[in-house]
Amino acid sequence: MPTISDIIENFILGTMGNDDDVNLSRNELADYFKCAPSQINYVLTTRFNINRGYIIQSQRGGGGYIKIERIKDFDDNYFYKIIENMPKELGYNDAKYILEDLVRKKFMTLEQAKIVSYAISPKALSNPVHLEGLIRSNIMKNTILNILKEKKDE
């Protein structure tokens, strides 16, 4: 059964359709879904962030309008931004979202992403739990940096 976050995400994606951006009111969304505006914020920060290929612009006041923009141009700066915005400790699901996005943007092949996915899986990182996210984040950053380096050398 889908969660309210899944439902809100699907609604926003449906509203966006094939367009590159959409303007929405945070309060109107909260009213529509009969949830707190913080739930809308949660969906925006976890499902529509740079690691997933989106930029959020927020306007305070006047109902709290937000603009969600799908990133189309992916230069090296975009991938460096992913590295800069990667949390110090990265969960496995978040890492997989980043890998899926990198494959979608043809930054890495599906085979490369699978190999990295295996390397960062909870089974592969059988360290103390408190170190798992830190090690995963370091592996992801190093992988992206090395692919960028290889692409520049081509």
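Colleague: Why are helix 1 and helix 3 called roughly perpendicular to each other?

Modeller: In this predicted model, the axes of helix 1 (residues 4–16) and helix 3 (residues 37–47) come within 10 Å and cross at roughly 70°. Angles of 65 to 115 degrees count as roughly perpendicular, and the two helices are therefore described as roughly perpendicular to each other.

Colleague: What makes the contact between helix 1 and helix 3, and how do its residues divide by class?

Modeller: From helix 1 the contact takes Ile4, Ser5, Asp6, Ile8, Glu9 and Ile12, while helix 3 contributes Gln39, Ile40, Tyr42, Val43, Leu44 and Arg47. Sorted by class, this contact of helix 1 with helix 3 has seven nonpolar, two polar and three charged residues.

Colleague: Why is helix 1 called oblique to helix 2?

Modeller: The axes of helix 1 and helix 2 (residues 26–33) come within 12 Å and cross at roughly 125°. Because roughly perpendicular covers 65 to 115 degrees, roughly antiparallel needs an angle over 145, and the rest count as oblique, helix 1 is oblique to helix 2. As for handedness, helix 1 passes helix 2 in a right-handed crossing.

Colleague: Which residues of helix 1 and helix 2 meet, and what is their class?

Modeller: On the side of helix 1 they are Ile4, Ile7, Ile8, Phe11 and Ile12, and these meet Leu29, Tyr32 and Phe33 in helix 2. The residues of this contact of helix 1 with helix 2 divide into eight nonpolar, no polar and no charged, with Tyr counted as nonpolar in this scheme.

Colleague: What makes helix 5 roughly antiparallel to helix 6?

Modeller: Helix 5 (residues 92–104) and helix 6 (residues 110–119) pack at an angle of about 165°, with their axes 9 Å apart. An angle over 145 degrees counts as roughly antiparallel, and that makes helix 5 roughly antiparallel to helix 6. Their crossing is right-handed. In the contact, Tyr92, Lys96, Leu99 and Val103 in helix 5 meet Leu110, Ala113, Val116 and Ser117 in helix 6, and by class these are six nonpolar, one polar and one charged residues.

Colleague: How do you know which residues line the largest pocket, and which helix gives the largest share of the lining?

Modeller: A lining residue must have an atom within 4 Å of a pocket point, and for the largest pocket the list is Arg52, Gly53, Tyr54, Arg70, Ile71, Phe74, Tyr97, Glu100, Asp101, Arg104 and Lys105. The largest share of that lining, four residues, comes from helix 5. By class, the lining has four nonpolar, one polar and six charged residues, and the pocket has a volume of about 200 Å³.

Colleague: What pattern do the helices and strands follow along the sequence?

Modeller: The protein chain holds seven helices and three strands, which follow the pattern α-β-α-α-β-β-α-α-α-α when read along the sequence. The C-alpha trace of the chain spans about 45 × 40 × 25 Å along its principal axes.

Notes
Residues numbered from 1 in each chain as written. Predicted model: local features only at pLDDT ≥ 70, side-chain atom pairs only at ≥ 80, totals over all residues. Heavy atoms only, no water. 1 Å grid on protein atoms, 1.4 Å probe; cavity = no way out; pocket = protein on both sides within 12 Å on 5 of 7 lines; lining within 4 Å. Points joined across faces, edges and corners; volume = space filled by probe spheres on them. Axes fitted to C-alpha atoms, helices over the stretch in contact; angles between N-to-C directions. Parallel < 35°, antiparallel > 145°, perpendicular 65-115°, else oblique. Contact = heavy atoms within 4.5 Å. Left-handed = near helix turned anticlockwise from the far one by under 90°.
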